[in-house]
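User: I have a structure open and would like to go through a few of its features with you. Could we begin with helix packing?

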Amino acid sequence: MKKINKLLVGDIGGTNCRLATCDPQNGEISQITIFSVDELESLEHALDKFVGSYPANSYSKAAISIANPLTGDRVTMTNAHWDFSIEKTKKDCGLEQLIMLNDWEAVALALPHLTEAQLSKVNQAPEVPDGTKALFGVGTGLGAAGLVRTNGSTWIPIAGEGGHVSFSPVDSDEKEILEILSNHHGHVSFEKILSGPGLKALYHATRKIYGVVPGGDLVPSEIVEGAARASDPMCQRTLEIFCGILGNFAGNLCLTLGATGGVYVGGGVIEKIDQAGLFDRGKFLNRLAHKGRLSGWLSNIPAFLLRTPYAGLMGAATALGIENVSVIES
(Lines give C-alpha, C1' and ligand atoms only; values in the text may rest on other atoms or scores of the structure.)
Protein backbone atom coordinates (compact mmCIF):
# COMPACT_ATOMS: atom_id res chain seq x y z
CA MET A 1 0.00 0.00 0.00
CA LYS A 2 1.35 3.39 -0.99
CA LYS A 3 1.83 5.68 2.00
CA ILE A 4 0.46 9.24 2.08
CA ASN A 5 3.03 11.98 2.56
CA LYS A 6 2.21 14.08 5.63
CA LEU A 7 3.91 16.56 7.96
CA LEU A 8 4.57 15.73 11.60
CA VAL A 9 4.01 18.53 14.12
CA GLY A 10 4.52 18.52 17.87
CA ASP A 11 4.20 20.59 21.03
CA ILE A 12 6.17 19.45 24.08
CA GLY A 13 5.81 20.86 27.57
CA GLY A 14 7.15 19.73 30.90
CA THR A 15 4.18 17.38 31.36
CA ASN A 16 2.55 16.57 28.01
CA CYS A 17 3.88 15.76 24.56
CA ARG A 18 1.34 16.49 21.82
CA LEU A 19 2.06 15.08 18.37
CA ALA A 20 -0.14 15.32 15.30
CA THR A 21 -0.37 14.96 11.53
CA CYS A 22 -0.64 17.99 9.25
CA ASP A 23 -1.91 17.72 5.69
CA PRO A 24 0.46 19.78 3.50
CA GLN A 25 -2.30 20.40 0.97
CA ASN A 26 -4.99 22.01 3.13
CA GLY A 27 -3.17 22.72 6.41
CA GLU A 28 -5.51 20.58 8.51
CA ILE A 29 -4.02 19.20 11.72
CA SER A 30 -5.49 15.89 12.85
CA GLN A 31 -4.65 12.60 14.60
CA ILE A 32 -3.66 14.57 17.71
CA THR A 33 -2.06 12.23 20.22
CA ILE A 34 -1.00 13.12 23.76
CA PHE A 35 1.81 11.29 25.54
CA SER A 36 3.19 11.79 29.04
CA VAL A 37 6.73 13.20 28.90
CA ASP A 38 7.62 11.30 32.09
CA GLU A 39 6.72 7.98 30.46
CA LEU A 40 8.94 8.47 27.39
CA GLU A 41 12.72 8.29 27.22
CA SER A 42 13.28 10.98 24.61
CA LEU A 43 11.89 12.90 21.65
CA GLU A 44 13.01 10.08 19.38
CA HIS A 45 11.01 7.61 21.46
CA ALA A 46 7.93 9.85 21.20
CA LEU A 47 8.23 10.31 17.43
CA ASP A 48 8.75 6.58 16.81
CA LYS A 49 5.72 5.74 18.93
CA PHE A 50 3.53 8.26 17.09
CA VAL A 51 4.67 7.24 13.59
CA GLY A 52 4.06 3.60 14.45
CA SER A 53 0.46 4.43 15.34
CA TYR A 54 -0.29 5.74 11.82
CA PRO A 55 1.29 3.28 9.36
CA ALA A 56 -0.63 4.70 6.40
CA ASN A 57 1.29 7.96 6.65
CA SER A 58 4.80 8.82 5.53
CA TYR A 59 6.67 11.60 7.34
CA SER A 60 9.81 13.25 5.97
CA LYS A 61 9.44 16.68 7.60
CA ALA A 62 8.66 17.62 11.19
CA ALA A 63 8.45 20.74 13.32
CA ILE A 64 8.39 20.47 17.10
CA SER A 65 7.84 23.20 19.67
CA ILE A 66 9.38 22.57 23.09
CA ALA A 67 9.26 24.31 26.46
CA ASN A 68 12.96 25.07 26.57
CA PRO A 69 15.53 27.56 25.33
CA LEU A 70 17.19 26.47 22.08
CA THR A 71 20.81 27.52 21.82
CA GLY A 72 22.35 24.80 19.70
CA ASP A 73 22.07 21.15 18.75
CA ARG A 74 21.75 19.89 22.32
CA VAL A 75 18.42 20.21 24.14
CA THR A 76 18.37 19.61 27.89
CA MET A 77 14.87 20.28 29.16
CA THR A 78 14.50 22.58 32.17
CA ASN A 79 11.29 21.03 33.52
CA ALA A 80 11.64 17.43 32.31
CA HIS A 81 14.27 14.69 31.98
CA TRP A 82 14.72 14.70 28.19
CA ASP A 83 18.23 15.39 26.91
CA PHE A 84 18.82 14.92 23.19
CA SER A 85 20.62 16.01 20.02
CA ILE A 86 18.40 17.58 17.36
CA GLU A 87 20.56 16.37 14.49
CA LYS A 88 20.83 12.81 15.82
CA THR A 89 17.08 12.68 16.41
CA LYS A 90 16.44 13.82 12.84
CA LYS A 91 18.81 11.17 11.46
CA ASP A 92 17.63 8.32 13.66
CA CYS A 93 13.96 9.06 12.86
CA GLY A 94 14.66 9.11 9.12
CA LEU A 95 13.59 12.74 8.66
CA GLU A 96 14.80 15.06 5.91
CA GLN A 97 13.94 18.11 8.01
CA LEU A 98 13.40 18.65 11.74
CA ILE A 99 12.65 22.19 12.92
CA MET A 100 12.78 22.85 16.66
CA LEU A 101 11.04 25.90 18.10
CA ASN A 102 10.60 27.36 21.55
CA ASP A 103 7.04 26.51 22.61
CA TRP A 104 5.82 30.10 22.94
CA GLU A 105 7.64 31.09 19.78
CA ALA A 106 5.37 28.53 18.10
CA VAL A 107 2.26 29.93 19.81
CA ALA A 108 3.29 33.37 18.53
CA LEU A 109 3.36 32.03 14.97
CA ALA A 110 -0.13 30.62 15.50
CA LEU A 111 -1.74 33.88 16.67
CA PRO A 112 -2.65 35.20 13.17
CA HIS A 113 -4.44 31.90 12.46
CA LEU A 114 -6.59 31.76 15.61
CA THR A 115 -10.34 32.19 15.24
CA GLU A 116 -12.63 34.21 17.50
CA ALA A 117 -13.76 30.96 19.13
CA GLN A 118 -10.15 30.24 20.10
CA LEU A 119 -9.77 33.56 21.94
CA SER A 120 -11.62 35.24 24.79
CA LYS A 121 -11.19 38.98 25.20
CA VAL A 122 -10.67 40.08 28.80
CA ASN A 123 -11.14 43.86 28.46
CA GLN A 124 -12.68 46.47 26.16
CA ALA A 125 -9.48 48.03 24.83
CA PRO A 126 -9.49 48.65 21.07
CA GLU A 127 -7.58 46.16 18.95
CA VAL A 128 -4.53 47.19 16.92
CA PRO A 129 -4.14 44.47 14.25
CA ASP A 130 -0.55 45.31 13.24
CA GLY A 131 0.68 46.15 16.74
CA THR A 132 3.35 44.11 18.47
CA LYS A 133 1.86 41.25 20.48
CA ALA A 134 3.00 39.83 23.82
CA LEU A 135 2.07 36.33 24.90
CA PHE A 136 2.80 33.99 27.75
CA GLY A 137 1.57 30.76 29.23
CA VAL A 138 1.37 29.15 32.65
CA GLY A 139 1.86 25.39 32.75
CA THR A 140 4.60 23.26 34.23
CA GLY A 141 6.67 26.41 33.75
CA LEU A 142 6.14 29.99 32.58
CA GLY A 143 6.86 30.67 28.92
CA ALA A 144 6.79 34.01 27.12
CA ALA A 145 7.32 35.38 23.62
CA GLY A 146 6.54 38.26 21.28
CA LEU A 147 5.28 38.72 17.73
CA VAL A 148 6.32 41.72 15.63
CA ARG A 149 6.19 43.09 12.11
CA THR A 150 6.90 46.42 10.45
CA ASN A 151 5.45 48.09 7.36
CA GLY A 152 3.31 45.12 6.41
CA SER A 153 6.12 42.57 6.65
CA THR A 154 5.48 38.98 7.65
CA TRP A 155 5.04 38.31 11.36
CA ILE A 156 8.29 37.51 13.16
CA PRO A 157 8.22 35.62 16.49
CA ILE A 158 10.56 36.57 19.33
CA ALA A 159 11.53 33.64 21.51
CA GLY A 160 12.58 34.36 25.07
CA GLU A 161 12.78 33.10 28.63
CA GLY A 162 10.85 35.92 30.26
CA GLY A 163 9.37 33.60 32.86
CA HIS A 164 12.72 33.54 34.62
CA VAL A 165 12.92 37.28 35.29
CA SER A 166 13.00 38.26 38.96
CA PHE A 167 9.66 38.34 40.77
CA SER A 168 8.76 41.91 41.77
CA PRO A 169 6.32 42.14 44.71
CA VAL A 170 3.76 44.95 44.75
CA ASP A 171 2.14 44.79 48.19
CA SER A 172 2.96 43.61 51.72
CA ASP A 173 1.63 40.06 51.18
CA GLU A 174 3.77 39.63 48.09
CA LYS A 175 6.84 40.95 49.89
CA GLU A 176 6.35 38.29 52.55
CA ILE A 177 5.83 35.67 49.85
CA LEU A 178 9.12 36.70 48.24
CA GLU A 179 10.90 36.40 51.58
CA ILE A 180 9.42 32.93 52.22
CA LEU A 181 10.29 31.64 48.76
CA SER A 182 13.77 33.15 48.99
CA ASN A 183 14.48 30.76 51.85
CA HIS A 184 14.00 27.84 49.43
CA HIS A 185 15.35 29.25 46.17
CA GLY A 186 18.49 31.17 45.40
CA HIS A 187 16.55 33.21 42.87
CA VAL A 188 12.79 33.79 42.94
CA SER A 189 11.55 34.22 39.39
CA PHE A 190 7.96 34.80 38.30
CA GLU A 191 7.97 31.13 37.22
CA LYS A 192 8.44 30.12 40.87
CA ILE A 193 4.85 31.39 41.37
CA LEU A 194 3.21 31.45 37.93
CA SER A 195 3.35 27.72 37.16
CA GLY A 196 1.84 24.48 38.39
CA PRO A 197 4.57 23.93 41.00
CA GLY A 198 4.49 27.69 41.71
CA LEU A 199 0.79 27.64 42.54
CA LYS A 200 1.51 24.94 45.10
CA ALA A 201 4.39 26.98 46.57
CA LEU A 202 2.18 30.08 46.64
CA TYR A 203 -0.52 28.20 48.56
CA HIS A 204 1.93 27.13 51.26
CA ALA A 205 3.41 30.64 51.50
CA THR A 206 -0.08 32.15 51.76
CA ARG A 207 -0.99 29.84 54.63
CA LYS A 208 2.21 30.83 56.38
CA ILE A 209 1.74 34.61 56.12
CA TYR A 210 -1.83 34.29 57.39
CA GLY A 211 -0.74 32.09 60.28
CA VAL A 212 -2.77 29.08 59.18
CA VAL A 213 -1.53 25.70 60.37
CA PRO A 214 -0.02 23.83 57.39
CA GLY A 215 -2.53 21.53 55.74
CA GLY A 216 -2.17 18.62 53.36
CA ASP A 217 0.23 18.61 50.45
CA LEU A 218 -2.30 19.80 47.85
CA VAL A 219 -1.57 19.54 44.14
CA PRO A 220 -2.52 22.51 41.89
CA SER A 221 -5.83 20.97 40.77
CA GLU A 222 -6.85 20.50 44.42
CA ILE A 223 -6.02 24.14 45.17
CA VAL A 224 -8.23 25.25 42.28
CA GLU A 225 -10.99 22.88 43.42
CA GLY A 226 -10.75 24.13 47.02
CA ALA A 227 -11.14 27.71 45.84
CA ALA A 228 -14.03 26.86 43.50
CA ARG A 229 -15.93 25.09 46.26
CA ALA A 230 -15.05 27.77 48.82
CA SER A 231 -14.02 24.92 51.10
CA ASP A 232 -10.62 26.42 51.92
CA PRO A 233 -10.26 30.22 52.36
CA MET A 234 -6.52 29.89 51.79
CA CYS A 235 -7.14 28.33 48.38
CA GLN A 236 -9.35 31.29 47.54
CA ARG A 237 -6.78 33.81 48.74
CA THR A 238 -4.05 31.97 46.83
CA LEU A 239 -5.96 32.34 43.56
CA GLU A 240 -6.60 36.04 44.24
CA ILE A 241 -2.89 36.66 44.79
CA PHE A 242 -2.04 34.52 41.76
CA CYS A 243 -4.26 36.58 39.43
CA GLY A 244 -2.68 39.80 40.69
CA ILE A 245 0.85 38.52 40.11
CA LEU A 246 -0.24 37.28 36.68
CA GLY A 247 -1.35 40.82 35.81
CA ASN A 248 1.92 42.24 37.11
CA PHE A 249 3.90 39.93 34.85
CA ALA A 250 1.64 40.74 31.88
CA GLY A 251 2.19 44.46 32.36
CA ASN A 252 5.95 44.01 32.58
CA LEU A 253 5.99 41.99 29.37
CA CYS A 254 3.83 44.55 27.53
CA LEU A 255 6.14 47.37 28.57
CA THR A 256 9.24 45.43 27.53
CA LEU A 257 7.89 44.61 24.07
CA GLY A 258 5.78 47.73 23.46
CA ALA A 259 2.85 45.39 22.92
CA THR A 260 0.20 47.73 21.51
CA GLY A 261 -1.30 44.77 19.64
CA GLY A 262 -2.33 42.97 22.81
CA VAL A 263 -1.29 40.44 25.42
CA TYR A 264 -2.36 36.82 25.07
CA VAL A 265 -2.43 34.47 28.06
CA GLY A 266 -2.70 30.69 27.94
CA GLY A 267 -1.38 27.45 29.33
CA GLY A 268 -2.94 24.51 31.14
CA VAL A 269 -2.98 26.15 34.58
CA ILE A 270 -4.82 29.23 33.27
CA GLU A 271 -7.28 27.02 31.42
CA LYS A 272 -8.19 25.17 34.62
CA ILE A 273 -8.48 28.37 36.66
CA ASP A 274 -10.68 30.01 34.03
CA GLN A 275 -12.90 26.93 33.62
CA ALA A 276 -13.46 26.95 37.39
CA GLY A 277 -14.65 30.57 37.18
CA LEU A 278 -11.67 31.76 39.24
CA PHE A 279 -9.86 33.99 36.76
CA ASP A 280 -10.20 37.37 38.47
CA ARG A 281 -10.31 39.71 35.47
CA GLY A 282 -10.51 42.84 37.62
CA LYS A 283 -7.44 41.93 39.67
CA PHE A 284 -5.55 40.89 36.54
CA LEU A 285 -6.33 44.10 34.62
CA ASN A 286 -5.69 46.34 37.63
CA ARG A 287 -2.22 44.92 38.10
CA LEU A 288 -1.50 44.88 34.37
CA ALA A 289 -1.98 48.65 34.27
CA HIS A 290 -0.45 49.39 37.69
CA LYS A 291 2.80 50.82 36.31
CA GLY A 292 3.00 54.45 37.39
CA ARG A 293 3.20 57.01 34.61
CA LEU A 294 2.43 54.44 31.91
CA SER A 295 -0.70 53.07 33.57
CA GLY A 296 -2.95 54.88 31.09
CA TRP A 297 -1.01 53.50 28.14
CA LEU A 298 -1.26 49.96 29.49
CA SER A 299 -5.00 50.24 30.12
CA ASN A 300 -5.47 50.61 26.33
CA ILE A 301 -3.78 47.30 25.53
CA PRO A 302 -6.26 44.52 24.64
CA ALA A 303 -5.92 41.32 26.68
CA PHE A 304 -7.02 37.84 25.61
CA LEU A 305 -7.18 34.32 27.02
CA LEU A 306 -6.25 31.52 24.63
CA ARG A 307 -9.10 29.03 24.30
CA THR A 308 -7.25 26.28 22.45
CA PRO A 309 -4.55 23.89 23.70
CA TYR A 310 -3.37 23.36 20.12
CA ALA A 311 -1.79 26.72 19.27
CA GLY A 312 1.68 25.18 19.58
CA LEU A 313 0.82 22.58 16.95
CA MET A 314 -0.54 25.30 14.66
CA GLY A 315 2.64 27.33 15.07
CA ALA A 316 4.78 24.28 14.30
CA ALA A 317 2.85 23.77 11.06
CA THR A 318 3.34 27.44 10.21
CA ALA A 319 7.11 26.99 10.68
CA LEU A 320 6.95 24.30 7.96
CA GLY A 321 5.47 26.83 5.52
CA ILE A 322 1.78 26.02 5.93
CA GLU A 323 -0.19 29.24 5.44
CA ASN A 324 -3.76 28.20 6.26
CA VAL A 325 -3.64 26.15 9.42
CA SER A 326 -6.67 24.63 11.14
CA VAL A 327 -7.23 21.93 13.73
CA ILE A 328 -9.56 18.95 13.39
CA GLU A 329 -10.39 18.00 16.96
CA SER A 330 -11.50 14.42 17.52
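User: Is the crossing of H5 and H6 left-handed or right-handed?

Analyst: In this predicted model, H5 and H6 cross in a left-handed sense.

User: Which residues make that contact?

Analyst: H5 contributes Gly-196, Leu-199, Lys-200 and Tyr-203, while H6 contributes Pro-220, Ile-223 and Val-224.

User: And how does the contact of H5 with H6 divide by class?

Analyst: Five of its residues are nonpolar, one is polar and one is charged.

User: What is the angle between H5 and H6, and how far apart are their axes?

Analyst: Helix H5, residues 196-209, packs against helix H6, residues 220-228, at an angle of about 55 degrees, and the axes are 8 Å apart. The pair therefore counts as oblique.

User: Changing topic: how many disulfides are found?

Analyst: Searching the whole structure gives zero disulfides.

User: What about Cys-243, and which cysteine sulfur is closest to its own?

Analyst: The closest one belongs to Cys-235, and because the separation is 14 Å, it is too far for a bond.

User: Is Cys-243 buried or exposed?

Analyst: Cys-243 is buried, since its relative accessibility is 1%.

User: Next, Thr-89. Where is it placed?

Analyst: Thr-89 belongs to helix H2, which covers residues 86-92. With a relative accessibility of 3%, Thr-89 counts as buried.

User: Which residues is Thr-89 in contact with, leaving aside neighbours within four places in sequence?

Analyst: Its contacts are Leu-43, Glu-44, Leu-47, Phe-84 and Leu-98.

User: Now backbone angles. What is phi of Gln-31?

Analyst: Phi of Gln-31 is near 55 degrees, which is a positive value in a residue other than glycine. Gln-31 sits in strand E3, residues 28-36, and counts as partly exposed at 30% relative accessibility.

User: And what is phi of Ala-230?

Analyst: For Ala-230, phi is near 60 degrees, again positive in a residue other than glycine.

User: Where does Ala-230 lie?

Analyst: Ala-230 is in the loop between H6 and helix H7, the latter spanning 233-257. Its relative accessible area is 47%, so Ala-230 is partly exposed; the exposed class begins over 50%.

Methods. Residues numbered from 1 in each chain as written. Predicted model: local features only at pLDDT ≥ 70, side-chain atom pairs only at ≥ 80, totals over all residues. Heavy atoms only, no water. Axes fitted to C-alpha atoms, helices over the stretch in contact; angles between N-to-C directions. Helix = DSSP H or I, 4+ residues; strand = E, 2+ residues; numbered from the N terminus. Parallel < 35°, antiparallel > 145°, perpendicular 65-115°, else oblique. Left-handed = near helix turned anticlockwise from the far one by under 90°. Contact = heavy atoms within 4.5 Å. Nonpolar A, V, L, I, M, F, W, Y, C, P; charged D, E, K, R; others polar. Disulfide = S-S within 2.5 Å. Buried < 20%, exposed > 50% of the residue type's maximum accessible area, 1.4 Å probe, protein only.
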